[in-house]
Amino acid sequence: MSRTVYVGQLFPVSPNITYICPSPFSSYDYPASSCNATITLPEGLTLAEGENATKNIGSLQAGGTAQVFWIVEAERPGNYCITIDAKGEINGFVGEKPDVGQSYNYQDRIGGYARVLVTAKAASQIYIRGIAPTQGPPGSDVRLFGGGATPKGSVLAWFIKPTDKSNLSIGILVGRTIADDAGDWEIIFTVPSVSPGNYTILAEDNETKVNDTIEFGVLAVGYQIRISYISTSSGPPGTMVYLSGDGASSCGEVRVYFDGMSVTNATAKEGGWWSTSFQVPDVELGNYTITALDVVSNSMDTAMFTVAPARNVGVKVGDWAKYDVTLNYSTNDPSPPISPPPTEVVDIEYFLLTVVSVTGTNVTFETTIHLRNGTEVSSVSWLDVSSGQTYYGMTMPTGPLIAANLTAGDKVYLNPYSPTINSTFMGVYAELEREVNCLMQMVNTSGPRGYWMVGEMKICWDRASGILDEQSMDMWYIEIAEGYRTHMLLRMVITETNIWTRPTGVSVNVNVYPKLLNLGSKGKWVICRVELPRGFRAKDVDVSTLMLNGTVLGEVAHGARGARYLIVKFDREAVIDLIMSTTGSINKFGTVSLTVTGKFKDDTSFTGTVILRIVMPTTKNIGRHVLPI
């Protein structure tokens with residue numbers, strides 16, 4: 001399609017750039033980033049002052065359209081061809097798949113071009129060369145300029161509704177001027193007090209009664225750009241940040257700055273909505289300000305971004321975790337607010353997660369649901385443990401894997417929807433005490449109409465590896481009028497894993513009583529208090545294996561078994577015989593080393609040593625013990 005302009009006239013070039021989405025692909029499958037468009041002008045046409053040949057578009061979803069604008073000037077008569085080239089990048093991650101190959105990151109380029117024909121001719125009548133700005137609130141100053149008027153003739157400017165431009169009697173005369181010898185002219189006027197909306201500015205040659213028009217947008221007083229969405233609000237240098245908002249000037253330019261550095265530009269839609277994206281510059285760790293500036297209204301809004309250290313994956317290929325699933329449902333409500341879980345959920349026996357591949361912060365994992373009838377259902381997914389992205393264009397607030405070595409106060413993922421870890425503490429999971437990160441939320445609020453909800457939701461992850469330890473929802477739905485109650489408990493907890501294993505041998509702390517043992521005494525017992533390390537419980541000890549120095553059998557004192565300790569008694573006569581048979585000293589006072597050993601029921605062994613002070617028996621009593629020579 002061709003258009004005609006006058007020499008010296010400023011005219012817009014505003015192509016619509018569409019990222020075509022062919023069937024059967026979803027528009028969310030392959031979003032394009034770092035998109036831009038470049039205009040190429042032949043000799044005889046030039047960009048208006050301040051224009052750049054390349055316009056940044058930011059990100060674009062498949063099937064999406066973006067409009068860009070350039071202001072071009074015709075310098076001399078002729079027929080011209082303008083070319084616009086658009087391009088972008090598709091970055092992604094492909095998880096490992098059986099019989100296909102290993103996981104990998106990829107980067108592809110997409111693009112296209114279009115041409116427009118322009119005919120420039122010498123002006124034979126009045127024309128508008130340009131208007132600046134193209135939008136503004138009532139009371140703002142506007143510059144309207146052009147050429148082709150009758151030399152030394154008067155030029156009038158009218159402010160009218162677009163549908164009424166043929167009837168100047170209902171327009172508002174906003175300015176007049178006298179053209180120069182070449183027919184060039186300029187009028188500076190003030191936007192009248194009219195309602196917001198689109199208007200037409202009409203310039204009339206008062207000698208020939210010929211006119212030209214240009215559009216102008218009247219903004220509401222106090223027009224204010226707003227950042228309504230940012231994803232993510234923290235991350236290391238190179239993080240892709242997505243911004244969007246509203247309140248910008250219709251079809252106006254939005255400039256985005258990162259602590260004063262220009263990082264991207266965008267063009268607002270007609271309703272003032274705008275969106276764009278950029279990568280965080282290579283800067284030091286700390287807090288930075290993102291500023292969105294609406295060029296036309298000169299309004300701005302800010303958002304904070306925290307440049308944080310890069311997050312790390314704590315699992316490796318081949319790691320796995322097995323989870324027991326508990327589901328309880330009960331109600332006395334004749335019309336419960338929630339239905340009983342379906343059979344396929346009730347019949348879940350366990351859940352298995354296996355790490356298939358790790359690339360950067362992307363983890364591909366296989367999940368297997370094992371039903372009680374032996375049926376298994378498996379699927380492969382991927383998750384970025386830094387951003388929480390699990391599908392391009394989709395981020396999760398929580399998931400089965402998070403970054404390693406986070407702590408209380410850290411966000412679960414670096415995206416705006418993700419919550420903050422509540423606490424970090426020690427907990428026992430898969431038979432061993434581990435340091436865990438926990439997100440806990442208490443619920444005490446109105447629920448479905450006529451019901452009150454009370455309960456708790458909890459998610460815990462292993463701190464060192466980032467793998468899920470436990471996820472549970474324990475909720476009561478209480479009918480307000482009659483007091484009916486419906487209870488739902490869903491809990492998934494790790495029971496086995498190869499990420500951590502119980503050691504084959506552990507050390508225990510041992511205290512002995514009495515502290516000083518007279519080898520000539522006639523007491524009945526020597527008592528040892530055995531304290532187990534964290535993650536081990538007294539109930540798991542095989543008491544038949546308790547020994548002192550591998551020879552004296554121990555016996556657990558009745559009622560003396562705590563959560564992490566045992567009171568073990570050894571026959572005093574046997575202990576004294578052991579000491580007398582192993583010591584080579586006959587000094588009155590001395591010390592001996594006693595070692596308590598045993599095993600847990602899973603065959604893990606433990607050992608602990610204590611030093612006991614001894615008093616040798618007197619000469620008259622020594623005969624009942626045989627001393628080594």
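Guide: Two strands are said to pair if DSSP finds at least two bridges between them, and strands themselves are DSSP runs of E with at least two residues, numbered from the N terminus. By that reading, strand β34 (residues 432-446) and strand β35 (residues 451-462) pair in the antiparallel sense over 11 bridges.

Visitor: What should I know about the model and its numbering before going on?

Guide: This is a predicted model, in which local features need pLDDT of at least 70 and side-chain atom pairs count only at pLDDT 80 or more, while totals for chains, interfaces and linings use all residues. Residues are numbered from 1 along each chain as its sequence is written, and side-chain values use heavy atoms, with hydrogens and water left out.

Visitor: Which residue in β35 is the bridge partner of Val 436?

Guide: The partner of Val 436 is Asp 462.

Visitor: In what order do the 9 strands of the open sheet lie?

Guide: The order is β30-β29-β28-β27-β37-β36-β35-β34-β33, with antiparallel pairing. At the edges are β30 (376-384) and β33 (423-429), each of which pairs on one side only.

Visitor: How do I read an aromatic pair?

Guide: A pair of aromatic rings is described by the distance of the centres and the angle of the planes. Here rings of Phe, Tyr and Trp (its six-membered ring) pair if their centres lie within 6.5 Å, and planes under 30 degrees apart count as stacked, over 60 as edge-to-face and the rest as tilted. A search of the whole structure finds 10 such pairs; one of them, Phe 159 with Phe 216, is edge-to-face, at 6.2 Å centre to centre and 65 degrees between the planes. Phe 159 lies in strand β14 (residues 154-160) and Phe 216 in strand β18 (residues 211-218), so the pair ties together parts that are 57 residues apart in sequence. Ring pairs also link Phe 159, Phe 189, Tyr 199 and Phe 216 into a cluster.

Visitor: Is Phe 159 buried or exposed?

Guide: Buried means under 20% relative accessible area, exposed over 50%, and partly exposed in between (1.4 Å probe, protein chains only). Phe 159 counts as buried because its relative accessibility is 2%, and Phe 216 is likewise buried, with a relative accessible area of 2%.

Visitor: Where is Val 508 found, and which residues does Val 508 touch?

Guide: Val 508 is in the loop between β38 (505-507) and β39 (509-513), and at 7% relative accessibility Val 508 counts as buried. With contact meaning heavy atoms within 4.5 Å, and not counting residues up to four places away in sequence, Val 508 touches Val 530, Glu 531, Leu 532, Pro 533, Phe 606, Thr 607 and Gly 608.

Terms used:
Helices (H or I, at least four residues) and strands (E, at least two) are DSSP runs, numbered from the N terminus.
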